[in-house]
Amino acid sequence: MSRRETLSRNLEQVRERIRSTCAEAGRPVEEVELVVVTKFFPTEDVELLIDLGVRAVGESRDQEATVKLASFSRRDQLKVHFVGRVQSNKASSIARYADVVHSLDRPKLVRALDRGAEAAGRSLDVLIQVSLDDDDSRGGARSADVPPLAEQVHASDHLRLRGVMAVAPSGADPDESFRRLRSVAHGIRASHPEATWISAGMSADLEAAVRNGATHLRVGSAILGSRPPLG
Ligand SMILES: *Cc1c(COP(=O)(O)O)cnc(C)c1O
């Protein structure tokens, strides 16, 4: 099977999982956007994904994303979502190419991304990453810190607060985790009605995310295959 056929088959399987879960949950499928996480995979795969109708990709490492996008001729056909941890010294680089940053989780990044976006003459859509078990060592703001962070993003000049993001803690029931995320999202929406996005769900738990109101799914390995080990 060619790479194109493999990607096409995998993409269709994921789209079918989204469609059937939306149907069961009584949600219109248009409410859920698929972001294909292409980290570790080459530009050629991104090209094939565009041919297959993908319009949003996720990257999680600044250096890799910078190199991949620099040589990329069809950049204007894609929205680039930065989904990985943001080191503050990389914020200005990320602000140059990302359309959406999913992983803002501390005040320092508000200033760094805002300045980076200003320098690049752009504005960025931003999600606040929430730590669902309040263990912030793996990234994500503790839920009590989310409202003040949302205020700061709202008050910035070049960042648009769009909503929240989370990764389900390993070992936890994903439905329970994403239900928690949805309640954090509703809390923010009370004072920021424009913050309607909920980024939740990956290859293994996208159904639980769809059932609990996700608007953006970040799916990598179910489409592209397993990634080489980190290192
Ligand atoms: C890699 C990554 C994903 C995709 O994970 P898969 O299990 O391969 O679907 C989603 N979200 C984040 C934050 C990631 O780093």
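This is a predicted model: local features need pLDDT of at least 70, side-chain atom pairs count only at pLDDT 80 or more; totals for chains, interfaces and linings use all residues.
**Ground rules.** I number residues from 1 along each chain as its sequence is written, and side-chain values use heavy atoms without hydrogens or water. Local features need pLDDT of at least 70 and side-chain atom pairs pLDDT 80 or more, while totals for chains, interfaces and linings use all residues.

**Largest pocket.** I looked up its volume, which is about 680 Å³. A pocket here is an open set of points on a 1 Å grid over the protein atoms alone, where a 1.4 Å probe fits, with protein on both sides within 12 Å along at least five of seven lines; lining residues have an atom within 4 Å of a point. A volume is the space filled by probe spheres set on the points, which are joined across faces, edges and corners. Of the 31 lining residues, Lys-39, Val-83, Val-167, Met-202 and Arg-218 are the closest to the centre.

**Ligand.** I checked where the ligand sits, and its space is the largest pocket (more than half of its atoms lie within 2 Å of the grid points). The residues around the ligand (a heavy atom within 4 Å) include Val-37, Met-165, Gly-220 and Arg-227.

A polar side-chain atom of Ser-203 is 2.5 Å away, and one of Lys-39 is 2.6 Å away. Ser-221 contributes a backbone N or O atom at 2.8 Å. The protein covers 87% of the 390 Å² of accessible area that the ligand has on its own (Shrake-Rupley method, 1.4 Å probe).

Methods
A polar contact is a pair of N or O atoms within 3.5 Å; within protein, one must be able to donate a hydrogen and the other to accept it, and residues adjacent in sequence count only if both atoms are side-chain atoms.
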